[in-house]
Amino acid sequence: MNMGPYTSKSASAVLAMCRNALLLVVAVVALGSADHAENGLKVEKLYVPEVCDARSKKGDQLTMHYTGTLQDGNKFDSSLDRDQPFTFQLGVGQVIKGWDQGLLDMCVGEKRKLTIPPELGYGEKGAGNVIPGGATLTFEVELMNISDSPPTANVFKEIDADKDNQLSREEVRAMVSDYLRKQVLEAEQAGAGENEDVKKMLADHDKLVEEIFQHEDKDKNGFISHDEFSGPKHDEL
Ligand SMILES: [Ca+2]
Ligand SMILES: [Ca+2]
């Protein structure tokens, strides 16, 4: 190849292209043992139950156990350690692309191993201080449950942690920080980068709680009662 006209910058671009070509070869070779490989995503079925009444599809609510590891074998997260499976909606961008694409057509009880390239994971930026930029991720997952639609939102009940039928400042604060953390994660997963609005809200966390109380706590007794609450609060919608 004539490298004459290339600057050092374009030389590294060519190098990167060669590396991609190499990855492509690896992916094609992997096709033999994996069930399918697209965009470098590798999906291996570790266990498929004999009885399979329903298979996961876009829009389903999935409950999963998972263990995520980096290529050096270091575990960065596991639902098993928390003893709490993870629930999300499939195929709508709530999770990284490698999950949205790699968990389709799955039986309850099925176990898979996903090998997810950075483009379908956390990209060149990584996530937090646990996932470095450009990381390929391995997830061993088990599908625990499929339900058709998101569970009915009784937001009041979800916020009312101590079930005394009124919302304290602490309960609302916990909900707000949960929500904001989710927003930050979603923005990161969508590759939107820093979301200034969410950052500002995080900084003004207490202000947000006060605003909610100003709006909702109509008799100003420091608690939001079931009657006062303006959000979703019914078991059936
Ligand atoms: Ca309460
Ligand atoms: Ca009140």
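**View 1. The predicted chain and its confidence.** This is a predicted model, in which local features need pLDDT of at least 70 and side-chain atom pairs count only at pLDDT 80 or more, while totals for chains, interfaces and linings use all residues. Residues are numbered from 1 along each chain as its sequence is written, and chains are lettered from A and ligands numbered from 1 in the order in which they are written. The protein chain contains seven helices and nine strands; helices (H or I, at least four residues) and strands (E, at least two) are DSSP runs, numbered from the N terminus. Its mean pLDDT (the predictor's confidence in each residue, from 0 to 100) is 79, with 77% of the residues reaching 70 or more. Over residues 1-36 the pLDDT stays under 50, and the model has 16 contacts beyond four places in sequence for them. Where pLDDT is low, the predicted coordinates should not be read in detail.

**View 2. The largest nonpolar core.** A nonpolar core is a set of buried Ala, Val, Leu, Ile, Met, Phe, Trp, Tyr and Cys residues joined through C-beta atoms within 7 Å. A residue is buried if 20 or more other C-beta atoms lie within 10 Å of its own, exposed if 12 or fewer, and partly exposed in between, with C-beta atoms placed from the backbone. The largest core has 19 residues, and Ile96, Leu103, Ile116 and Val141 have the most contacts inside it. Two or more residues each are given by strand S2 (41-47), strand S3 (61-70), S6 and strand S7 (137-147), and S7 supplies the largest share, four residues. Valine 141 touches Met64, His65, Tyr66, Leu103, Lys111, Arg112 and Leu114, residues up to four places away in sequence not being counted; two residues are in contact if their C-beta atoms, placed from the backbone, lie within 7 Å. Of the 237 residues in the protein chain, 15% are buried.

**View 3. Antiparallel strand pairs.** Two strands pair if DSSP finds at least two bridges between them. S6 pairs with S2 in the antiparallel sense over five bridges, and glutamate 44 stands opposite lysine 113 in S6. S6 and S7 also run antiparallel, joined by six bridges, with lysine 111 opposite glutamate 142 in S7. Three bridges link S3 to the antiparallel strand S4 (residues 75-78), where threonine 69 stands opposite lysine 75. S3 and S4 form a hairpin with four residues between them, and glycine 73 in the turn has a positive phi of about 90°.

View 4. Asparagine 165 has a positive phi of about 65° although it is not a glycine. Asparagine 165 is exposed, with 12 other C-beta atoms within 10 Å. Lysine 220, likewise not a glycine, has a positive phi near 55° and is placed in the loop between helix H7 (205-216) and strand S9 (224-225). Lysine 220 is exposed because 8 other C-beta atoms lie within 10 Å.

**View 5. Valine 184 in helix H5.** Valine 184 is found in helix H5 (residues 169-189). This valine is partly exposed, with 17 other C-beta atoms within 10 Å. The C-alpha atoms of valine 184 and glutamate 196, twelve residues apart along the chain, are separated by 10.0 Å.
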